[in-house]
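Could you help me read a protein model step by step?

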Amino acid sequence: MGPVDRRSDEELVAICNAGDAHDAARAFEALYRRHRDFVLRVARRFTRDRELALDALQETFAYLLGKFPPAGGGLVLTARLQTLLYPAAKNAAITAVRKARRHAGAGDAELDELPAETPAEGEPIDAALAALSPERREVLTLRFVDDLSLAEIAAALDVPLGTVKSRLHLALKELREDSRIKDLFGQ
């Protein structure tokens, strides 16, 4: 593994868009190294399976690569790269789960259900998080685990900023009121 590339994502994307093949390959590799853990973390949330998450990681970066010349017309970053990678990773993970279930002979009704995020016994925080609606849990995770701003979450989920604010507010309210973890919130 080489040294960490200090160039911004914007600079690396510009090189991928216009650089020669060698420079573009190195810039794309730097983007991959910088964002692979994020993409893998997102994919694991939706697959709950390491191998399927790795498949989603590969699909996500293949999608990103396809945005750059010669295959694509180039990429213009209007926000952090994570706001583009999140929905791509989520969709790749969901597709990987559905494909795996189809190959395993699951019925059609099962294909629409994603793996449940079931907490381990005795894990009150996990149980409280699992009790949240998927939409609220997703916004909470993007904000506090992935450290995206509210505007970045809105862009990643393609929902209005007010919806993100509402979901986050309601998720935090539910957690504060959850008897399993109420004592963790200061009064």
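The exercises below go from the overall fold to single pairs of side chains. Please keep in mind that this is a predicted model.

**Exercise 1. The overall fold**

Task: Find how many helices and how many strands the protein has, and what percentage of its residues count as buried.

Solution: 
- Step 1: Begin with the secondary structure. The protein has 9 helices and 0 strands.
- Step 2: Write the pattern along the sequence. It reads α-α-α-α-α-α-α-α-α.
- Step 3: Turn to burial. The protein has 187 residues, and 33% of them count as buried.

**Exercise 2. How helices cross**

Task: Work out which word describes the angle between H3 and H4, and then which word describes H8 and H9.

Solution: 
- Step 1: Take H3 and H4. Their axes come within 8 Å and cross at roughly 135 degrees.
- Step 2: Compare this with the cut-offs. Roughly perpendicular covers 65 to 115 degrees and roughly antiparallel begins over 145, so H3 is oblique to H4.
- Step 3: H3 and H4 make a right-handed crossing.
- Step 4: Now take helix H8 (residues 150–157) and helix H9 (residues 161–177). They pack with their axes 8 Å apart, at an angle of about 110 degrees.
- Step 5: Finish with the handedness. The crossing of H8 and H9 is right-handed.

**Exercise 3. Aromatic pairs**

Task: Decide which kind of aromatic pair Phe 28 and Phe 68 form, and find which parts of the chain the pair ties together.

Solution: 
- Step 1: Recall what to look for. A pair of aromatic rings is described by the distance of the centres and the angle of the planes.
- Step 2: Count the pairs. The structure holds 3 aromatic pairs.
- Step 3: Classify one of them. The ring centres of Phe 28 and Phe 68 are 6.3 Å apart and the planes stand at 80 degrees, so this pair is edge-to-face.
- Step 4: Phe 28 belongs to helix H2 (residues 21–47), while Phe 68 is in the loop between helix H3 (50–67) and helix H4 (82–103), so the pair ties together parts that are 40 residues apart in sequence.
- Step 5: Check burial. Phe 28 and Phe 68 are both buried.
- Step 6: Look at another pair. Tyr 32 and Phe 61 are also edge-to-face, with 4.9 Å between the centres and 75 degrees between the planes.
- Step 7: Tyr 32 is in helix H2 and Phe 61 in helix H3, 29 residues apart, and the pair links distant parts of the chain.
- Step 8: Sort Tyr 32 and Phe 61 by accessibility. Tyr 32, at 28%, counts as partly exposed, whereas Phe 61, at 5%, counts as buried.
- Step 9: Phe 28, Tyr 32, Phe 61 and Phe 68 form one aromatic cluster.

**Exercise 4. Salt bridges**

Solution: 
- Step 1: Recall the idea. Side chains of opposite charge can pair when their charged atoms come close.
- Step 2: Note the total. There are 11 salt bridges.
- Step 3: Find the pair within H2. Glu 29 and Arg 33 form a salt bridge, with their closest N and O atoms 2.6 Å apart. Both lie in helix H2, 4 residues apart, about one turn of the helix.
- Step 4: Check their surroundings. Glu 29 is partly exposed at 36%, and Arg 33 is partly exposed at 32%.
- Step 5: Find the distant pair. Glu 138 and Lys 90 meet in a salt bridge at 2.9 Å, N to O. Glu 138 is in helix H7 (residues 134–144) and Lys 90 in helix H4, 48 residues apart.
- Step 6: Glu 138 has 12% relative accessibility and counts as buried.

**Exercise 5. One arginine, two partners**

Task: Find which ring Arg 143 lies over and which residue it meets in a salt bridge.

Solution: 
- Step 1: Look for the ring. Arg 143 lies over the face of Phe 144, 5.8 Å from the ring centre.
- Step 2: The side chains of Arg 143 and Asp 147 meet in a salt bridge at 3.7 Å, N to O.
- Step 3: Sort by accessibility. Arg 143 is partly exposed at 26%, while Asp 147 is exposed at 51%.

Notes:
Residues are numbered from 1 along each chain as its sequence is written. This is a predicted model: local features need pLDDT of at least 70, side-chain atom pairs count only at pLDDT 80 or more; totals for chains, interfaces and linings use all residues. Side-chain values use heavy atoms; hydrogens and water are left out. Rings of Phe, Tyr and Trp (its six-membered ring) pair if their centres lie within 6.5 Å; planes under 30 degrees apart count as stacked, over 60 as edge-to-face and the rest as tilted. Helices (H or I, at least four residues) and strands (E, at least two) are DSSP runs, numbered from the N terminus. Buried means under 20% relative accessible area, exposed over 50%, partly exposed in between (1.4 Å probe, protein chains only). A charge sits over a ring if NZ of Lys or CZ of Arg is within 6 Å of the ring centre and within 35 degrees of the ring normal. A salt bridge is a side-chain nitrogen of Lys or Arg within 4 Å of a carboxyl oxygen of Asp or Glu. Axes are lines fitted to C-alpha atoms, for helices over the stretch in contact, and angles run from 0 to 180 degrees between N-to-C directions. Angles under 35 degrees count as roughly parallel, over 145 as roughly antiparallel, 65 to 115 as roughly perpendicular and the rest as oblique. A crossing is left-handed if the near helix is turned anticlockwise from the far one by less than a right angle, and right-handed if clockwise.
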